[in-house]
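Let us walk through this structure by question and answer. Keep the sequence and the 3D view at hand.

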Amino acid sequence: MNNFTFCTPTRYVFGKGTEEKAAELAKAAGWQRIMLVYGGQSAIRSGLLDRVKKSLDAAGLPHIELGGVKPNPTDDKVYEGIELGRKENVDAIIAVGGGSVIDTAKAIACGIPYSGDFWDFYCGKATVSEALPLGVILTIPAAGSEGSGNSVITKLDGLRKLSLRTDTELRPKFACLNPELTFTLPPYQTASGIADMMVHIMERYFSPTEQVEVTDRLCEGLLKAIIEEAPKVIAEPENYDARANIMWSGTLAHNGICGCGRQEDWASHFIEHELSALYNVTHGAGLAVITPAWMTYVAEIKAAKVAQFARRVFDVTESDEMKAATEGISRLRDFFRSIGLPVTMKELGIENPDIELLVKKLHENKGPKIGGYIQLDATATEAIFKLAI
Ligand code: NZQ
Ligand code: ZN
């Protein structure tokens, strides 16, 4: 096991009605003028946004709004938010939505106090040292941004989708997690979120570091729970306990606990980010296509951990490592299919992917080699894209 530091300073407030606590938490933190960031229609349609505004009014907290964040969020909305936030002199942000909304809010939070271009943080030209504090009211368990220090934004010029990682600077101060707010999610978004959280765990599970049994078992337990709860939320969207289990899994999948003591992988995410940047597909659905293809490729080189995954997560009994790994990958694909997800690029709606361009952009953005479990160069990532067709 490697040395590690694990710090997750976010206050998670979980359960029915917890969105009502946001104003109280903001007030207790001394926030004075808040920017509410939200997405397209869902938070308006459900009445959530109105409820949040009323509770801020009742707490005597002035607020302004920035709506219209789209999935796979882009830099234009961030610039708009930075300008608005400076003009209105906001000192804190509350994101009402999912990963796209939270990530936009995070970009605005570090962009407002910075004198340069916020994109400097994403392309590695500058490091975040200061950011406005951020609170979250989560409406979709998926990206895990409510507990992570990360933010993923696409620059429209060149369609570069890059992630900014911070240790604590961009972690939300609080995250209100009410599973009831997820009842309105369409099945495809629910399923895509499930794939995303599973892959957040797997990116950490597939590690070259050995002897990390506690973290491995945490990952396997979470994955097994997700696999058990997933069909329930698809069949019964208003099953509170199933929604609650899925919601909490999404946060634990990505707040860092599943990576303690080891090197992580992240190749599947880097590969998928090129797909969602270029073809604007739903991130989790893209992962349901890419991750099994990635596993197929790496199992040929190092089958051991893929076999362990197969045996411990999908109860494969095959004693031969390669056969066990292959069976595990097949069961993972079957599981994704069973909750309505695509497992090939064609099913994802990408008929003729421009693999040459995808590979070129991937390595321009992420360097000549990606991945921790196995290091992948351009020949390897091209093979993985082809396996995903
Ligand atoms: O825009 P609205 O109308 O709100 O609709 C959204 C959106 O269309 C809808 N939705 C959200 N909550 C809903 C709802 N519809 C009905 N009822 C509700 N309660 O769902 C759609 C997707 O929303 P989005 O925020 O895009 O989903 P998600 O949480 O999956 O976020 C995806 C983004 O996060 C990035 C992804 O790359 C992608 O850009 N990621 C961020 C990470 C991070 N910051 O740590 C890590 C992840 O690996 C990921 O890369
Ligand atoms: Zn993800």
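**Salt bridges, zinc and sheet**

Q: Which residue forms a salt bridge with lysine 386?
A: A salt bridge here is a side-chain nitrogen of Lys or Arg within 4 Å of a carboxyl oxygen of Asp or Glu. For lysine 386, the closest N and O atoms are 2.8 Å apart. The partner is glutamate 382.

This is a predicted model: local features need pLDDT of at least 70, side-chain atom pairs count only at pLDDT 80 or more, and totals for chains, interfaces and linings use all residues. Residues are numbered from 1 along each chain as its sequence is written, chains are lettered from A and ligands numbered from 1 in the order in which they are written, and side-chain values use heavy atoms, with hydrogens and water left out.

Q: What separates lysine 386 and glutamate 382 along their helix?
A: Helices (H or I, at least four residues) and strands (E, at least two) are DSSP runs, numbered from the N terminus. Both residues sit in helix H16 (residues 378-388), 4 residues apart. The separation is therefore about one helical turn.

Q: Is lysine 77 buried or exposed?
A: Buried means under 20% relative accessible area, exposed over 50%, partly exposed in between (1.4 Å probe, protein chains only). Lysine 77 forms a salt bridge with glutamate 80 at 3.2 Å, and glutamate 80 is partly exposed at 41%. Lysine 77 has a relative accessible area of 16%, so the class is buried.

Q: How many residues apart are aspartate 315 and lysine 224?
A: Their side chains meet in a salt bridge (3.0 Å, N to O). The pair links distant parts of the chain: aspartate 315 in the loop between helix H12 (304-314) and helix H13 (321-338), lysine 224 in helix H8 (residues 213-235). The spacing is 91 residues.

Q: How many salt bridges does the count come to?
A: Some are linked in a network, which joins Glu213, Arg217, Glu220 and Arg312. The count by this rule is 21.

Q: Which residues coordinate the zinc ion (ligand 2)?
A: Donors are N, O and S atoms within 2.8 Å of the metal (3.2 Å for Na, K and Ca); water is not among the atoms, so sites may look incomplete. The donors follow the spacing D-x3-H-x68-H-x13-H along the chain. At 2.0 to 2.2 Å, they are Asp196 (OD), His200 (NE2), His269 (NE2) and His283 (NE2).

Q: Which helices hold histidine 269 and histidine 283?
A: The pair ties together parts that are 14 residues apart in sequence. Histidine 269 is buried at 4%, and histidine 283 is buried at 14%. Histidine 269 lies in helix H10 (residues 267-279), histidine 283 in helix H11 (residues 283-301).

Q: Which are the edge strands of the open sheet of 6 strands?
A: Two strands pair if DSSP finds at least two bridges between them. The order is E1-E8-E5-E4-E2-E3, with parallel pairing. Each edge strand pairs on one side only: strand E1 (11-14) and strand E3 (63-66).

Q: What angle does the direction of H4 make with that of E3?
A: Contact means heavy atoms within 4.5 Å. Axes are lines fitted to C-alpha atoms, for helices over the stretch in contact, and angles run from 0 to 180 degrees between N-to-C directions. H4 packs on the sheet, touching strand E2 (34-38) and E3. The angle is about 160°.
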